Amino acid sequence: MEASGDDALVERAVQFYFINRTVWSGRVVYDPARRSRLYFSNPGGWSRIERKLAHLRDCSEKLRRVRITCLPFERCLRGLRPDDFVYADPPYYRDSLDAPTSKLYEGHFAIEQHELLRDLLADTPAKVMVSYDDRPEVRELYRGSGWRIIPLAWKYCGRYAKSNRDRAAGRKERKVTGRELLIVSYDPPAAEA
Ligand SMILES: C[S@@+](CC[C@H](N)C(=O)[O-])C[C@H]1O[C@@H](n2cnc3c(N)ncnc32)[C@H](O)[C@@H]1O
């Protein structure tokens, strides 16, 4: 029998969470028009369910008084005050230059949107942090007074197989080192030693 009401919602949430934990990089939406990363690369991701439930409980505690919205950035940035903090994680700049089949996101940014976002962030009285892929175009976009650019590097957690044959054999590429930028509009506190 098909679940209805709250049961149906819970079932949907469990299905979402199962896919999110077991596919490559947690991708859940399958879009045949784009290069798909939705394959079950992480079957071990469904083990140790008791740890997952504890983590979900911690998250629900933290999100208790949080309001989640899904809006274009122009609307999210309206009416901010000096004691607000904005963390913006826009689509990678590289994604705006890639061929349509390589796009990473459903919501895609044209180059002008990167510029519009920068202009709105520059105008807001709130404190701002933005993260981006480390590219000359991004450094140029945020060059000038008011912005501090902090280069960072870390290993991405996702690893992929180069071919279907490698995937079938469980052969994966080494983890890739990502180079990104944190761009802030304020003096960041000194990192602890
Ligand atoms: C780098 S991802 C952010 C990932 C996010 N920080 C996370 O951890 O899941 C960029 C996001 O910007 C969203 N996006 C694209 N166009 C947007 C727009 N006009 N306004 C707001 N968000 C947009 C994309 O859908 C994508 O989820």
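Visitor: Two strands count as paired if DSSP finds at least two bridges between them, so which strand is β2 joined to?
Guide: Strand β2 (residues 127–133) is joined to strand β4 (residues 177–184) by five bridges, and the two run antiparallel. This is a predicted model, where local features need pLDDT of at least 70 and side-chain atom pairs count only at pLDDT 80 or more, while totals for chains, interfaces and linings use all residues. Residues are numbered from 1 along each chain as its sequence is written.

Visitor: What's the bridge partner of Tyr132 in β4?
Guide: Leu181.

Visitor: And how many bridges join β3 to β4?
Guide: Eight, between strand β3 (residues 148–155) and β4, again antiparallel. Within β4, Thr177 stands opposite Lys155.

Visitor: How many helices and strands are there?
Guide: The protein chain has seven helices and four strands. These are DSSP runs numbered from the N terminus: helices are H or I of at least four residues, strands are E of at least two. Their order along the sequence is α-α-α-β-α-α-β-α-β-α-β.

Visitor: Confidence next. What's the mean pLDDT?
Guide: On this scale of predictor's confidence in each residue, from 0 to 100, the chain has a mean of 85, with 83% of its residues at 70 or more.

Visitor: Which element has the lowest mean?
Guide: Helix α7 (residues 164–168), at 70; the highest is strand β1 (residues 85–88), at 98.

Methods
Two strands pair if DSSP finds at least two bridges between them.
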